[in-house]
Structure formats: structure tokens, C-alpha cells
Amino acid sequence: MRRIGIITSGGDSPGMNAAIRGAARAALGRGAQVVGFYHGYEGIINNEVIEMESRTVGGIIAKGGTLLHTARSKEFRTPEGRKLAIENLKKNGVEGLVVIGGDGSLTGARALHEEFGYPVMGVPGSIDNDINGTDFSVGFDTAVNTALGAIDRVRDTAYSHERVFVIEVMGRHNGFIALEAGLAGGAEAVIIPEIPFSLLEICDDLRAMHARGKKSSLIVVAEGALRAVDVRDFIEKNTGYEARYIVLGHMQRGGSPTAFDRVLALQLGAHAANRLISGHHGEMVGVDGTKLVSHPLSYVLSTERQIDPEKLLLVEVMAS
Ligand code: F6P
């Protein structure tokens, strides 16, 4: 393969720049030409192309966000949009594509592969860590640490005012960020969409903890777990304690990536470019423990990544 393309697509995640750097420099090192498209699939459709040299990816390893920008493309979800994208890839002489993004972006990559036989290689880039076939996706570790920083700060004010704080973290339909940040932050409870819970029981637990002398509490909740419930009001009514609800939101997507995310991203980016150039197609690279792996996109997208229920149990044990 003489010329490959790189895109970042969907929600940005810290470490995407390092993944671009890893893929670009590995490919350039093997004598291939590299182009990037701005704004993910949308940029392929609109032909927003940039030739990439080694210097193009210089100085970006410590930066959050993505140098190539990103988008969630509506047009690419249509057959006409995908046809346009393929035409532009071919017009630019791009023989294979590295797609850095989450499950939506990988679904797009699979479509290019299955509908047109086009060579693609996915790199898991998402703060949610909900992608099957890898222990970690690029950005998760940074997002967890960002959430943890906020949780630690909130703990101070919760203690001082003897309040209950509910802290909502991102994760779309999954609770990976909530569970990890909650455990690390010593949360009294973690609420995630994957495991049924009762707010009433949590209120009972808060009262029991209060009776044991614990006058302030933190509850970490995944954004997808609670809907249409005024949690603050519910807790105040059922415990009599003052409560506050905070949404951490998009701050979890920004910031300089942790060392873990940088190294992971460099390794996965390079692994993806190397496999693509060596003739492997329709896969997503990942890590299994410390080992670099690669799985067919059909497998990666066939099942949901499962939460470890033991970890949730540990939250309860630690809060008791
Ligand atoms: O998938 C990453 C993510 O940050 C989710 O955790 C969140 O639900 C979603 O993206 C938010 O998307 P947007 O940036 O479009 O509001």
C-alpha cells in the first residue's frame, strides 16, 4: 500500500492526536504517503484533504482534541454519502483508511469495508471505553482522571457542608467512567445503566451511613442511568439531608492526555498503520492486557463490552 488516509471521527477523546502521530509516522517510516481528512467522514465527502509529513504531527502528543477535527456525519449514514466518500478516497489515490473513533465511527468503517471492499483499520478512540475487542480505548484513562479530579474537589465541599453530592459523568449508555472514577474517588454509591438499582435503597444506605457517623456522601452516576427523576429532590425528601447534583459534561473530553493514553494511542495508531500496509483489512486494533491485538470489525461490533459486576460490588463493600 503506497498511500493511506487517516481520520478522527465522532466524539473527540484525549489521545487522538497521539494516535494520529503513531499512525502517520509508522506509515511514513515504511515509505508510504499519508493524507488526513478534516472532520471525519464529512471531510472525506467534502474532500477536505491534507498531505501529512512527519512535521505535520510534530508537537501534538501532549494536546487534547484532534488536529484533524471531528464530526458526526449525517450524510455518511446514507448510501449516497458513502459512495461519494469512496469516490473521493479513490480520486486522492488513498488505498486504505485508518479510522480513529468510537462505535459509530467503527460502524462507518465496517460499511466502507463490507459495501465496497475498501481496506480500513479501526483504532478505538472514545472516553466511554465501551468498545468490545480492547481492554482500553484511547481517552478513557484521561477522562477518568479528569472526573476523579472533580470528585476529589467536590468531596472537600461535601465534607464541609455535610451534604450529599451526586456527580454525573459521561459514558452515553455505559457506566465504565462512572465505575472507575467512583471506585477511585471512594464514592459511597455508583449508579450505572447496566445494573438495576433502587434510589430508595440508596437513600436507606445513606441514612445508615449517617447513623454510623458518615455525614457527607458522594454518589457517582453515569449519564445514561437516570432520566426524568429529580435526584436531588428525591434524596432530600427521602433522607432529610441537603443534596446537590453536578454534571461534569464535556470537560471530561478535553485536556492533555495521561501518559497511559499517549502510549496506548501511539501503539495502537502505529499498529493500525502497520497492519493496514501489510494487507490486513476490516479490523480494529486493541489491547488485551499488555498485548497488542486486532479483531475483525464484524466481531468488535457484534456485542457490547461488559461491565465487571465485581467492581460494583467493591464500591458497596468499601462504603460499608
Ligand atoms: O461518546 C463520547 C461522548 O462524550 C459520550 O460520553 C456522550 O454521551 C456523548 O459523547 C456526547 O456527545 P456530544 O458531544 O455530541 O454532545
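## Aromatic contacts

At 37% relative accessibility, F260 counts as partly exposed, a label for anything between buried (under 20% relative accessible area) and exposed (over 50%), using a 1.4 Å probe and protein chains only. F136 gets that label too, because its relative accessibility is 30%.

The structure, a predicted model, holds three aromatic pairs. Here, rings of Phe, Tyr and Trp (its six-membered ring) pair if their centres lie within 6.5 Å; planes under 30 degrees apart are stacked, over 60 edge-to-face, and the rest tilted. One of the pairs is F136 with F260, edge-to-face at 5.0 Å centre to centre, with 75 degrees between the planes. This pair ties together distant parts of the chain: F136 sits in the loop between β5 (120–124) and α5 (140–161), F260 is in helix α9 (residues 259–277), and 124 residues separate them. Helices (H or I, at least four residues) and strands (E, at least two) are DSSP runs, numbered from the N terminus.

## Two arginines

R305 lies over the face of F176, 4.8 Å from the ring centre. For that call, NZ of Lys or CZ of Arg has to be within 6 Å of the ring centre and within 35 degrees of the ring normal.

R227 is in the loop between β8 (217–222) and α8 (231–239), and counts as exposed because its relative accessibility is 57%.

## Ground rules

Residues are numbered from 1 along each chain as its sequence is written, and side-chain values use heavy atoms, leaving out hydrogens and water. Local features need pLDDT of at least 70 and side-chain atom pairs count only at pLDDT 80 or more, while totals for chains, interfaces and linings use all residues.
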